[in-house]
Amino acid sequence: MQLIWLRSDLRVHDNTALAAAATRGPTVAVFLLSPEQWREHDDAACKVDFWLRNLQALSRVLGQLNIPLLIRNAPRWDDAPTVLLELCRQLQIDTVHLNEEYGIHETRRDAAVARALKTEGIEVRRYLDQLLFKPGSVLSKTGTYFQVFSQFRKVCHERLRHSLPGLVPAPVAQAPLNIASDAIATQVEGFDAPPDRLRALWPAGEDEARRRLDSFAEVQIDYYQSERDFPAKPGTSQLSAYLAAGVISPRQCLHAALQSNQGELESGKVGAVTWINELLWREFYKHILVGYPRVSRHRAFRPETEALAWRNAPEELAAWQQGRTGFPIIDAAMRQLLETGWMHNRLRMVVAMFLTKNLLIDWREGERFFMRHLIDGDLAANNGGWQWSSSTGTDSAPYFRIFNPLSQSLKFDADGRFIKHWLPQLSELDNKAVHNPAQLGGLFGVTGYPAPIVDLNTSRARALAAFKNLPSRQTAGSHHE
């Protein structure tokens, strides 16, 4: 009997471990509920809810293939070896199949499970699945992990031109087993159910993920390069939550993008090329996670930036978290996050730079807050984005590059449509005033909207001074752990 241990790969199509298990013999699937671990990793309640809803959808599809889906409790990942060993004994499992995961805790968990099962003669087989390239296989000429995205991308392009990773077919139905699937809880203790309106934005299941991918690749991808930076436009694929939970694979995304672009990686439609680039950024940050494990441990990629004199400013942090900074584009973006579990990518950079540069608050505060609210929360991408914005990360924005929220707002939400949607109290303002209500002055100030919590010019100067005072190092990346 084969066991597929499902984690962030909640799909039937193009699932490497599932396909491998099914070709070897009768297969059973298991998913472990680990609420204590999820809390420790700051997983958002809406994300846990999304997993549960996708598990329900997956259970139905697996049921049609006669593959039972079992649910077991392993409150912490330390419990996984015992729980899985017991299940393997019960079902007389020969082999456990799993798709690789890449955080430091995930890697340790999987190694511990493999050791425990090996003592009973149970084989564990691992597969490359959530990435296009195995970490450690895309290296610089000196044999190190890349620290600059453009160099990483160049090697990926060369590899993809020579051999494109294929799609794995879904398993065919197997003979029924005398094992019933477990019921899937609608809620896990410690994680509140999100409001229905948030759930409605993110329907569960592979069919929905595929529908989003197809409609994006057929129409929207052509405009992706020109529209992806405008938060009021539907310019992005809205697939990040499905990718993070593995309801769709990066291979499926890559194939769809190439198909829309006559198989071209670097020429043809600029939208498709740009979107493939984004898939490779996702890849890059996962490779960084493996190559530089310190980023899994809440440490800066550039060690010298650990000496930054971050401010302890709890009231300003709370104003940022709650969307009441007095800068409409920041506040609208934070409202979007709180209400939808998602934030437009351009705005993720804008609000991150505001927190880390204008407020000079530690990027880790922002990283944690995002993880606690994002439905697409992913350690590698979230950490990579935060460290990029705060100039502590790999290939990051130079410290003197500080987005001005007002000019970003005017450039990417010129008519204030996004701002007015999330901050209805500003809906009467004209297209110029909506970006900076403070300019209207006393009598004409907007009632119920806060004054700016910081002066952009003085706070910019303060950030530049803090970075200039750092002890400089020749190469930040030479300090491996």
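Guide: A pocket is an open set of points on a 1 Å grid over the protein atoms alone, where a 1.4 Å probe fits, with protein on both sides within 12 Å along at least five of seven lines. Its volume is the space filled by probe spheres set on the points, which are joined across faces, edges and corners. This is a predicted model: local features need pLDDT of at least 70, side-chain atom pairs count only at pLDDT 80 or more, and totals for chains, interfaces and linings use all residues. Side-chain values use heavy atoms, without hydrogens and water, and residues are numbered from 1 along each chain as its sequence is written.

Visitor: How much space lies in the largest pocket?

Guide: Rolling a probe the size of a water molecule over the atoms shows where empty space is left. Here the largest pocket holds about 1,200 Å³.

Visitor: Which residues lie nearest its centre?

Guide: Lining residues have an atom within 4 Å of a point. The largest pocket has 41 of them, with Y224, E278, W281, N345 and A381 nearest the centre.

Visitor: Which helix gives the most to this lining of the largest pocket?

Guide: Helices are DSSP runs (H or I, at least four residues), numbered from the N terminus. The answer is α12, with eight residues. Helix α12 spans 270–291.

Visitor: What about the second largest pocket?

Guide: Its volume is about 820 Å³. H41, D43, K47, W77 and E106 lie nearest its centre. Helix α5 (residues 104–118) gives the most to that lining, with four residues.

How values were computed
Helix = DSSP H or I, 4+ residues; strand = E, 2+ residues; numbered from the N terminus.
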